[in-house]
Amino acid sequence: MKFTDLGLSPNLLSAITDAGYDTPTPIQAGAIPIALTGKDVLGIAQTGTGKTASFTLPMIERLSRGRARARMPRSLILAPTRELAAQVSENFETYAKNHKMNMALLIGGVSFEPQKRILDQGADVLIATPGRLLDHFERGGLLLTGVEILVIDEADRMLDMGFIPDIERILKLLPPRRQTLFFSATMPPEIQRLVDTFLRDPERVEVARPAQTAETIQQYILRTADSQPKTKRAALRAAINRDGVKNGIIFCNRKRDVDIVARSLKRHGFSAAAIHGDLDQAQRMKTLAEFKSGELRLLVASDVAARGLDIPAVSHVFNVDIPRNADDYVHRIGRTGRAGLEGESVTLVTPEDRKALAAVVKLIGREPEELALADVEAAPEAPESAQDDAKSRSRRGGRRRGKTEKPAEAQPDAAESAPSAREGGRSRRRKRDEAEDAGPAPRGFGDHVPEFLLRSAL
Ligand code: AMP
């Protein structure tokens, strides 16, 4: 099956070719021909299956006939998060490049005035998160009675995030005669009820979760001698330094560790950045754009931050911590080996992770292969060198310090003098972790060759 078999027009086919695709994914092959006829679609598919194009492409085709009227968008796409909405808009920009089509984006972090101008002129496509849409609707200036096509993307995540009452309110503002394209990865009873109430005789298109069909993912485990953060970070660096690691997502179980790992990698010269919910929207979008363009090689994330992000063509997934919930393992590694591409995952496993590993093995029904890396053998401190290190610390009258640590941090009363004792303690602990990560200071430079030496070597 090729895109040319789906009934799409030449303008659209040329944009698809320019995007580098010629074979539709199963959700695209199943949903596009139905959506083109104007029927409702219930798509059961998760991120990574190509579902965004499965509604974007038929929408462009159907909207290419007719024109938008002022303040009356012709189609509406609801997405649970700002990131997901922004990704859908990127899909439109890619595929509608040969069409004259106005698109407005109502999400937090995007200034409202330019979007309002597009709406005032007449938008063919309005992409929004439910809360933002209702805010703007209540302020006036937006009529939803002209919506011909409605898309609900990731309905089960909307449920998780408590958006179902908002969705029901929005659905009641739309004309009953419209096409609805409804996507969800799972079908809990609340979602089934929405479908039964608001869709008209939908055709159901269901595709396997990508991770269950992930023959394209080579899964490895890398055992570390202990569960010390510095041992794990050294093992991670060794795993990244293997051949073929083009780019990757690195998962940590805790948000705090996401920052620590990202900073540690940067200090070791890797192109890495953290993405988590505490960063503001502009920062998250900038980081994601840099990662997509290839400017940034490694993205360190937590499960929550990564969910729903459209990150194409990742060669590797690294699990610094084995997830507490085996399902999360499947979601995480599903970030690689997408759409038939080859991918690899490397999961660090400490002696304390036996149970969590057993749960993963049970769920995926196979044992990931063991990875043996020479560098990782050397990573945990051997007993003698640990003693040497302790001696050298006591000789210097305190804890060994890395070059980034400020002397004030080593003072015993630093926590008391800081604005918050808890914060002070936490940041001291983090700096300590980072300082330890800098390698054995007393002998040589470790990974931290001073810049002046590198310069003179050139
Ligand atoms: P989605 O499930 O929509 O988030 O898409 C997952 C990824 O697959 C995105 O990075 C798309 O760019 C990519 N993709 C979409 N359609 C295709 C296709 N037909 N062939 C290969 N990759 C695709």
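**Helix packing and selected residues in a predicted model**

Good morning. Residues are numbered from 1 along each chain as its sequence is written, and side-chain values use heavy atoms, with hydrogens and water left out.

A word on the terms. Helices (H or I, at least four residues) and strands (E, at least two) are DSSP runs, numbered from the N terminus. Axes are lines fitted to C-alpha atoms, for helices over the stretch in contact, and angles run from 0 to 180 degrees between N-to-C directions.

The crossing of α14 and α15 is right-handed, a crossing being right-handed if the near helix is turned clockwise from the far one by less than a right angle, and left-handed if anticlockwise. On the α14 side, the contact (heavy atoms within 4.5 Å) is made by A326, D327, Y329 and V330, and on the α15 side by A359, V360, L363 and I364. By class, these residues comprise seven nonpolar, no polar and one charged. Here Ala, Val, Leu, Ile, Met, Phe, Trp, Tyr, Cys and Pro count as nonpolar, Asp, Glu, Lys and Arg as charged, and the others, Gly among them, as polar.

The second pair is that of α2 and α3. The axes of helix α2 (residues 26–36) and helix α3 (residues 51–63) cross at roughly 25° and come within 9 Å, which makes α2 roughly parallel to α3. This crossing of α2 and α3 is right-handed. From α2, the contact involves I27, Q28, A31, I32, A35 and L36; from α3, it involves K51, A53, S54, L57, P58, E61 and R62. Eight nonpolar, two polar and three charged residues make up the contact of α2 with α3.

The ring centres of F55 and F183 are 5.3 Å apart and their planes are at 50°, so the pair is tilted. Because F55 lies in helix α3 and F183 in strand β6 (residues 179–184), the pair ties together parts that are 128 residues apart in sequence. Both F55 and F183 are buried; buried means under 20% relative accessible area, exposed over 50%, and partly exposed in between (1.4 Å probe, protein chains only).

The crossing in which α6 passes α8 is left-handed. In α6, P130, G131, L133, L134, F137 and E138 meet D166, I167, R169, I170 and L173 of α8. This contact of α6 with α8 has seven nonpolar, one polar and three charged residues.

What is the accessibility of G131? At 31% relative accessibility, G131 is partly exposed. It belongs to helix α6 (residues 130–138), and its C-alpha atom is separated by 9.5 Å from that of G108, 23 residues away along the chain.

E154, although not a glycine, has a positive phi of about 55°. E154 sits in the loop between β5 (149–152) and α7 (155–160) and is buried, with a relative accessible area of 7%. D201 is also not a glycine, and its phi is positive, near 45°. D201 lies in the loop between α9 (189–198) and β7 (203–206) and is exposed, at 60% relative accessible area.

Finally, the protein as a whole. There are 20 helices and 14 strands, and buried residues make up 51% of the 458 residues. Of the contacts with a separation of 6 or more, 75% are between residues 24 or more positions apart. Thank you.

Key. Predicted model: local features only at pLDDT ≥ 70, side-chain atom pairs only at ≥ 80, totals over all residues. Parallel < 35°, antiparallel > 145°, perpendicular 65-115°, else oblique. Phe/Tyr/Trp six-rings, centres within 6.5 Å; stacked < 30°, edge-to-face > 60°.
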